[in-house]
Amino acid sequence: MPVALHTARLLLDPYTADDEEDFVTLFQDVRVSRWMGDGPCDEADDRALFGRIFSKVYAQDLFDVWAVRRHGRLVGHAEIKRTDAVEGHEIVYALAPEAWGSGLGTELAEALVAYGFGTLGLTEVHATVAAENEASLRLLGRIGFGHVRDIEEDDGGLTRVLTVSRGTRRAGSGPL
């Protein structure tokens, strides 16, 4: 189980069984899921994914995955995990649309990067973002991520690989 992380306005803590409905609601919102993995899934797949967080990810201590809460309410999802696509650790995060535009995405991404550098001792943290996801590309650029390369997906889509190194984080971009 991952340790809880706190930011000024967010709590990242392990999921509980009571989070299933909110998790499914988040992942069923196409405004969110269109940017996650292979895109929107049916509800049964999202419920199975939620179950695997407990039966596989937490049970086998595979990587860190958190429920993102604000004022006690689930407003997002966050992960940091090793992936072969970037040959390193990648951050993954999503926020419910009602949390967009208030700086929470920046706060969340900075917390994940700080965890990667501080707790995991990484020298680089990566992100993969659909080329059309301009909001996430801007957010990550603001906190020091730079474009490294592109991956052409099987469906013809383009995924940008972004990286931030411990020494190149922008000043004031959150705690280490």
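The largest nonpolar core here has 29 residues, and Leu-12, Ile-91, Leu-108, Leu-140 and Phe-145 have the most contacts inside it. A nonpolar core is a set of buried Ala, Val, Leu, Ile, Met, Phe, Trp, Tyr and Cys residues joined through side-chain atoms within 4.5 Å. Keep in mind that this is a predicted model, where local features need pLDDT of at least 70, side-chain atom pairs count only at pLDDT 80 or more, and totals for chains, interfaces and linings use all residues. Residues are numbered from 1 along each chain as its sequence is written, and side-chain values use heavy atoms, with hydrogens and water left out.

**The cores**

- At least two residues of the 29-residue core come from each of β3 (64-70), β4 (73-83), β5 (88-95), α4, β6 (124-130), α5 (134-142) and β8 (158-165). These labels are for DSSP runs numbered from the N terminus: helices are H or I with at least four residues, strands are E with at least two.
- Helix α4 gives the most to this core, with 7 residues.
- Apart from this core lies another one, of 17 residues, and Phe-23, Phe-27, Met-36 and Ala-96 are among them.
- Which residues does Phe-145 touch, not counting residues up to four places away in sequence? Its partners are Ile-91, Val-113, Val-125, His-126, Ala-127, Leu-140, Leu-162, Thr-163 and Val-164; contact means heavy atoms within 4.5 Å.

**Helix α4**

- Of the 15 residues in α4, 14 are buried. Buried means under 20% relative accessible area, exposed means over 50%, and partly exposed is in between (1.4 Å probe, protein chains only).

**Glu-79, a charged name in a covered spot**

- Glu-79 sits in strand β4 and counts as buried because its relative accessibility is 11%.
- Its side chain makes a polar contact with the side chain of His-77, at 2.7 Å. That term means a pair of N or O atoms within 3.5 Å; within protein, one must be able to donate a hydrogen and the other to accept it, and residues adjacent in sequence count only if both atoms are side-chain atoms.
- Beyond its neighbours within four places in sequence, Glu-79 is in contact with residues including Trp-66, Ile-91 and Leu-112.

**Two loop residues with positive phi**

- Most residues other than glycine have a negative phi.
- His-71, in the loop between β3 and β4, has a positive phi of about 55° and is exposed, at 75% relative accessibility.
- Glu-87, in the loop between β4 and β5, has a positive phi of about 50° and is exposed too, with a relative accessible area of 67%.

**Aromatic pairs**

- The structure holds 7 aromatic pairs. Rings of Phe, Tyr and Trp (its six-membered ring) pair if their centres lie within 6.5 Å; planes under 30 degrees apart count as stacked, over 60 as edge-to-face and the rest as tilted.
- Tyr-15 and Phe-23 are an edge-to-face pair, because their planes are at 85°, with ring centres 5.5 Å apart. Both are buried.
- Trp-66 and Tyr-115 are also edge-to-face, with centres 5.2 Å apart and planes at 90°. Since Trp-66 lies in strand β3 and Tyr-115 in helix α4, the pair ties together parts 49 residues apart in sequence.
- Ring pairs also link Tyr-15, Phe-23, Phe-27, Phe-50, Phe-54 and Tyr-58 into a cluster.
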